[in-house]
Amino acid sequence: MATLTCCSLKNSAFVLILVYALTFSFSLVSARPATFLQDFKIAWSDSHIKQLDGGRGIQLILDQNSGCGFASRSKYLFGRVSMKIKLVPGDSAGTVTAFYMNSDTDNVRDELDFEFLGNRTGQPYTVQTNVYVHGKGDKEQRVNLWFDPSADFHTYTIFWNHHQAVFSVDGIPIRVYKNNEAKGIPFPKFQPMGVYSTLWEADDWATRGGLEKINWSKSPFFAYYKDFDIEGCAMPGPANCASNPSNWWEGPAYQQLSPVQARQYRWVRMNHMIYDYCTDKSRNPVPPPECRAGI
């Protein structure tokens, strides 16, 4: 009887450990966002945002009545944010689809921007990136995408740690903003930022500097999103999260581009960059400090 009791206790303990392990693993899985509304909320014009596939994807709509936008429920200090987007197809001139992070702190805001500028049918889609640090922006770069981003979903990522902010398309870096504080150049590292996306009309500047106006006869315009992924220090949260060197995004492999990424980055800049504020002498007769420091 004692042996049976011992075995029963061992079996019971094993079952409890197994149940605990399964419960813990399921809690890890369920902690990942399963639907749009778990991590995001509609910021404006809820009638122009439609949930798809049980909330795992969404459709943004722009027409003559309104554009629309959504925002994360939390702000984050460092990490990685990515989502798959299928941009407005066809004649999208004058439209802007934006995906960005913003501290929402008015005159001292920090911001990391993707802005996808619509085009006339058959012309390249241009992505504009911009960086605001402590309220100072005007750091635009423009790249013509090397594929049709309206034909299928592609992954757009903002990666941000203490060393650099990297904008990537399908894992290929198209913009790097390095931390050059040692040279007296500000870097966004104190203010948590929310994640935002909008679809709106900006035909006064978006396509060929405003020469191409939006064709409302082609409306409504649609952009599609799925696979929302945020990994970072949510704020408010543990006070030591953002400074924890064990966060994967702070590891040695992420403190600069890898050799492969560096080659990809050079390829983008040599073959697909069409505008760089650093080399625009009409705006900056003397290159700004961050340009001289190397970006």
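Predicted model: local features only at pLDDT ≥ 70, side-chain atom pairs only at ≥ 80, totals over all residues.
Colleague: Is glutamate 115 buried or exposed?

Modeller: Glutamate 115 lies in strand β6; strands are DSSP runs of E with at least two residues, helices are runs of H or I with at least four, and both are numbered from the N terminus. Buried means under 20% relative accessible area, exposed over 50%, and partly exposed in between, using a 1.4 Å probe and protein chains only. Because its relative accessibility is 13%, glutamate 115 counts as buried.

Colleague: Which residues does the UniProt annotation "active site" cover?

Modeller: The annotation comes from an unreviewed UniProt entry. UniProt positions are given in the numbering used here, feature names are shortened, and annotations may be inferred rather than shown by experiment.

Colleague: Which side chain is joined to that of glutamate 111 by a polar contact of 2.6 Å?

Modeller: Glutamate 111 is also found in strand β6, and it is buried, with a relative accessible area of 7%. Not counting residues up to four places away, it touches Tyr100, Met101, Asn102, Asn130, Val131, Tyr132 and Met193. A polar contact is a pair of N or O atoms within 3.5 Å; within protein, one must be able to donate a hydrogen and the other to accept it, and residues adjacent in sequence count only if both atoms are side-chain atoms. The partner at 2.6 Å is asparagine 102.

Colleague: How many aromatic pairs does a search of the whole structure find?

Modeller: Rings of Phe, Tyr and Trp (its six-membered ring) pair if their centres lie within 6.5 Å; planes under 30 degrees apart count as stacked, over 60 as edge-to-face and the rest as tilted. The search of the whole structure gives 23.

Colleague: What is the angle between the planes of tyrosine 100 and tyrosine 196?

Modeller: Tyrosine 100 is in strand β5 and tyrosine 196 in strand β12, 96 residues apart. Tyrosine 100 is buried at 17% relative accessibility, and tyrosine 196 is buried at 18%. Their pair is stacked, with 5.4 Å centre to centre and an angle between the planes of 15°.

Colleague: Why is the pair of phenylalanine 114 and tyrosine 156 edge-to-face?

Modeller: Phenylalanine 114 lies in strand β6 and tyrosine 156 in strand β9, so the pair ties together parts 42 residues apart in sequence. Phenylalanine 114 is buried at 0% relative accessibility, and tyrosine 156 is likewise buried, with a relative accessible area of 0%. The ring centres are 6.1 Å apart, and the pair is edge-to-face because the planes stand at 70°.

Colleague: Which ring has lysine 226 over its face?

Modeller: A charge sits over a ring if NZ of Lys or CZ of Arg is within 6 Å of the ring centre and within 35 degrees of the ring normal. At 4.5 Å from the ring centre, lysine 226 lies over the face of phenylalanine 153.

How values were computed: Residues numbered from 1 in each chain as written. Heavy atoms only, no water. Contact = heavy atoms within 4.5 Å.
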